[in-house]
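Here's a friendly walk through one protein model, for anyone meeting it for the first time. Have a look at the sequence and the structure, then read on.

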Amino acid sequence: MVAETEEEARKLAVAKHPSLGGEGGGFSLKQDEDALDTWFSSWLWPIAVFDGIREPENEEVNYYYPSSDLVTAPDIIFFWVARMIIAGYEYRDDFPFKNVYFTGMVRDAQRRKMSKSLGNSPDPLDLIAKYGADGVRVGMLLCSPAGGDLLFDEGLPQQGAGFSTKIWNAFRLVKNWEVSFDIEQPEHSKLAIEWFKNKLAQVVETLNTQFDGFRISEALMTVYTTVRDEFSGWLLEMVKPAYQQPIDEKTYAEVVELFDQMLRLMHPFMPFITEEIWQLLTERKEDESIMISQLPADTNYDAALLAAFEDVKEAVSGIRKIRKDKNIAFKDAIDLSVQKGDKGFDAKFNSILIKLGNLTDLTAVEEEVKGAASFRVKSTNFYIPLEGFIDVEEELEKLEEELKYAKGFLNSVMKKLSNERFVNNAPEAVVAKEKAKQADAEANIKVLEERIASMK
């Protein structure tokens with residue numbers, strides 16, 4: 001019976017059980033000595049977990065109280081969070097935590113809160129069995145900004161599982177390389193390692209800023225793209241030895257060390273796969289665990305080198321695009337000519353272009369190369385001779401079509417910009433966007449006209 005007094009409790013007992021025989025009947029009530037209302041008891045939690053109510057000056061509560069951060073959902077701000085703060089000032093004259101991080105609510109496609117009563121929540125164990133615990137964690141976190149609700153879709157853990165597979169594939173690739181102690185480190189591998197060490201330092205700086213600002217999903221996306229694009233997509237491709245050839249010992253050791261550092265950055269988000277791969281990556285002692293290993297330190301990095309390497313990546317992408325557009329197989333080696341501009345491509349990265357572009361030769365030229373496919377990185381022009389690879393007449397026809405389309409597009413933009421009502425009344429940003437389209441179209445037309453002229 002729940003009542004404020006024993007007398008009222010006895011009345012309630014008789015009303016519920018008439019056989020007790022009246023309010024003064026021969027029965028007794030015992031008050032529970034160890035019961036608190038749920039919300040009343042929970043507001044004492046930051047103190048009570050260290051027995052700070054019964055023993056206010058015990059060693060644990062004095063050491064751990066107040067804590068730093070509370071992580072919770074926003075639906076209990078008043079029921080719990082506010083009351084914990086009130087209790088903290090009432091019983092210890094201090095706040096219980098400095099920061100409160102509100103997670104988003106997981107909702108179904110109809111934006112209903114996941115709940116057992118509605119039956120709209122998938123069984124987490126079924127998801128884990130299908131996609132792995134790390135896959136589920138990553139999938140949910142990638143789309144869960146602080147305070148923002150998450151609309152659950154099974155494609156999310158599927159994406160996380162795909163990322164786990166990519167990490168495993170990178171590990172298998174590295175561990176299957178044959179290591180030679182008799183060959184020198186190639187120049188392209190030396191440059192690749194130097195670049196990625198600086199890239200890693202930049203990523204650590206970014207992550208520290210994101211963690212300090214509680215931008216957890218952004219931090220995961222930073223790690224995700226670094227592993228997927230920079231580490232797997234660029235570094236491993238640059239250092240990967242030729243088919244059935246060994247890798248030099250120096251490059252291998254440095255790649256393993258960088259892989260170790262990447263696993264440490266991934267560990268807070270993917271504790272299981274990172275621990276397993278970390279243990280297999282190199283020989284470990286029995287008491288070693290990635291869980292108690294230091295994260296990579298925040299160090300200085302060469303911003304100029306990183307900026308220059310973005311030009312390298314753009315040049316490699318340009319070579320690959322021409323190969324794709326002209327149906328030139330990667331196994332077919334090609335020549336590349338470089339016409340350096342004011343902001344020239346740094347020639348020290350030529351070895352990387354040769355490796356990733358499968359080039360037979362890389363030549364510096366002063367003038368345009370006639371009859372060649374071309375692309376530009378900043379003010380540097382790159383030319384790939386097409387003789388023997390394409391049908392010139394067919395290529396000219398294709399370029400003429402592209403030029404016709406580009407001129408038509410420019411004409412439509414110019415009509416807008418020549419309309420005084422549009423220019424005077426449209427928002428400044430909209431007008432600026434149209435002018436940018438004009439400049440891009442004019443530049444594209446110029447390039448197409450030059451390519452057509454050179455091929456003719």
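Let's start with a charge and a ring: the charged end of Arg320 sits over the ring of Trp234, 5.6 Å from the ring centre. To count as sitting over a ring, NZ of Lys or CZ of Arg has to be within 6 Å of the ring centre and within 35 degrees of the ring normal. Arg10 does something of this kind with Phe27, lying over its face at 4.1 Å from the ring centre.

A word on where this comes from. This is a predicted model, in which local features need pLDDT of at least 70 and side-chain atom pairs count only at pLDDT 80 or more, while totals for chains, interfaces and linings use all residues. Residues are numbered from 1 along each chain as its sequence is written, and side-chain values use heavy atoms, with hydrogens and water left out.

How confident is the predictor? The score to look at is pLDDT, its confidence in each residue, from 0 to 100. The chain has a mean pLDDT of 89, and 97% of its residues reach 70 or more. Confidence is lowest in helix 2 (residues 38-42), with a mean of 78, and highest in helix 11 (residues 249-266), at 97. Helices (H or I, at least four residues) and strands (E, at least two) are DSSP runs, numbered from the N terminus.

Now for the inside. In soluble globular proteins, nonpolar side chains tend to be buried together. A nonpolar core here is a set of buried Ala, Val, Leu, Ile, Met, Phe, Trp, Tyr and Cys residues joined through side-chain atoms within 4.5 Å. Buried means under 20% relative accessible area, exposed means over 50%, and partly exposed is in between (1.4 Å probe, protein chains only). The largest core has 70 residues, and those with the most contacts inside it include Ile167, Trp195, Leu235 and Leu353. Helix 10 (residues 216-239) gives the most to this core, with 11 residues. There's also a second, separate core of 10 residues, with Leu399, Leu403, Ala406 and Ile445 among them.

You'll find Leu353 in helix 14 (residues 350-357), and at 0% relative accessibility it counts as buried. What does Leu353 touch, not counting residues up to four places away in sequence? Among its partners are Val312, Ala315, Leu336, Phe345 and Phe382, where contact means heavy atoms within 4.5 Å. Ala315 is 38 residues away from Leu353 along the chain, yet their C-alpha atoms are separated by 7.7 Å.

The side chains of Gln339 and Tyr383 are joined by a polar contact of 2.6 Å.

Rings of Phe, Tyr and Trp (its six-membered ring) pair if their centres lie within 6.5 Å; planes under 30 degrees apart count as stacked, over 60 as edge-to-face and the rest as tilted. The Trp168 and Phe171 rings have centres 5.8 Å apart and planes at 75°, so this pair is edge-to-face. Both residues lie in helix 8 (residues 155-175), 3 residues apart, about one turn of the helix. Trp168 is partly exposed at 21% relative accessibility, whereas Phe171 is buried at 9%. Elsewhere, Trp195, Phe196, Phe231, Phe259, Phe309 and Phe349 form one aromatic cluster.

Finally, the backbone. Most residues other than glycine have a negative phi, and most peptide bonds are trans.

| Residue | Phi | Relative accessibility |
|---|---|---|
| Asp93 | near 55° | 64%, exposed |
| Phe214 | near 60° | 26%, partly exposed |

Asp93 is in the loop between helix 5 (77-91) and strand 2 (97-102), and Phe214 is in the loop between helix 9 (187-212) and helix 10. As for the peptide bonds, a cis one joins Tyr65 and Pro66, with omega about 0°.

Terms used. pLDDT = per-residue confidence, 0-100. Polar contact = N/O pair within 3.5 Å; in protein donor to acceptor, adjacent residues only side chain to side chain.
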